[in-house]
Amino acid sequence: MTTLRTLTLAACVLLTALTGTLCSCKHGVAPDPTNPDDPGTSPIETPYTAIPDEYVGTWYSSRNDGPLTDNWANKTFQGEQGYAEFRTMVFTKDGKNAVEYTTEVFNTSTEIRQRFYRIVGTLEYKTSPTSITFHAQKGTMRVFSNRSSGYQENPISLNELRSYQTVWEKPQATNIPNATNLLTGTIIDQHGRYSVEYKKVTSGSATSPTGLPSTSPITGGSSVKIGDLYYPTVSIGNQEWLATNYAGPGSLKEAAKPQYGTFMHYNDLKSIPLPTGWRVPSRQDYEKLLRSQGLTVYEWGTDGDDLTSRQLLGKLMAPNVWMKQDGYANNQSGFNAMPADVRRPSGTNNGEGANCVLWIADKTSQDEPMVFNLIQMPSRTYARFTPQAISYFPELTPVRLVRDK
């Protein structure tokens, strides 16, 4: 794979200074672990050491929409073109079988090509100064393209992995029970040297969003199959909701943001292959959802000036993805509201990060379709029910589905 990112000469010189030469390592050498992702290859021998307990676990960049481990398992993609870092590290206690996940996106005039790397290796911990070096042993690359469905998967050649390293310089990690733990430090890789902040994946915590739709059956929790995809679901009161936006056929998808699902015209809704009992939610369904969290619902929606109301709305909101990090968005309900906003073919999409908009089955007395809004302002957060006029250039909007239990 000629495009696998390799260290620049300057980075290599710095890495040598931090990690020392491999031949002088006094610790054990781990054989290449058995991995069906890369059959038939011989091992690369790399140094390894045990690492302190506070670093052990799965960590993902705080700017990502959850860990890339979820995307790999669900055969989906997360990433975008540019300088934003998309990386997840699995640090192991003994330093063996550690894993690095990274993604990158290349756009041409006719193709969006997304590359997803999973590299297995070892960890080498050093003090004075503190550093953790990830040494690659074997890897797999998946390539997604807007020209075809699914993806292609191939092993990464061993020759291209022999010099691949990622160094964490002066890492500092918190290890606090029942809290969002952070890993900070400086990463040295092929792009240079830059400061980072990572979050730890904690079992049972609400720090990462609910899983995305999958082409394979979902083994954990409840789910429903709609078309060719399996969707995670959540029970809230006496209803069952999709825990992520509908992602089937429709007007627009953004490959770099699969958590937003499909942006749809109102007329697209009738083409959704609804399973028995499932429906596009009515206004009454959304009012029931709001009341299930203890909210008072008025004719227009909820009170945005009341502190308690804003806190209760946070139980519906996906954590770590809204612009205002006031600590209220915790997704305790499991509804996992995403601030995708709408897509305006003839205007600016300026509400992303602060506005969740979802289609409602109801129409106004003027026969205008309606939407449910969950809006985050600098000083207010509130829910609204509003019309969305059908015009020459109508707004494209995501949708959820619901059924009675």
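Residues are numbered from 1 along each chain as its sequence is written, and side-chain values use heavy atoms, without hydrogens and water. Because the model is predicted, local features need pLDDT of at least 70 and side-chain atom pairs 80 or more, while totals for chains, interfaces and linings use all residues.

**View 1. Strand 9 pairs with strand 7 and with strand 10.** Strands here are DSSP runs of E with at least two residues, helices runs of H or I with at least four, numbered from the N terminus; two strands pair if DSSP finds at least two bridges between them. Strand 7 (residues 131-145) meets strand 9 (residues 165-173) through five antiparallel bridges, and Phe134 faces Thr166 of strand 9. Strand 10 (residues 182-189) is also antiparallel to strand 9, over five bridges, with Ile188 as the bridge partner of Val167.

**View 2. Phe77 and Phe116 form an edge-to-face pair.** Rings of Phe, Tyr and Trp (its six-membered ring) pair if their centres lie within 6.5 Å; planes under 30 degrees apart are stacked, over 60 edge-to-face, the rest tilted. Here the centres are 6.0 Å apart and the planes at 90°.

**View 3. Tyr231 and Tyr246 are stacked.** Their centres lie 6.0 Å apart, with 10° between the planes, and both residues are buried.

**View 4. Arg142 lies over the face of Trp72.** The distance to the ring centre is 3.8 Å; a charge counts as over a ring if NZ of Lys or CZ of Arg is within 6 Å of the centre and within 35 degrees of the ring normal.

How values were computed
Buried < 20%, exposed > 50% of the residue type's maximum accessible area, 1.4 Å probe, protein only.
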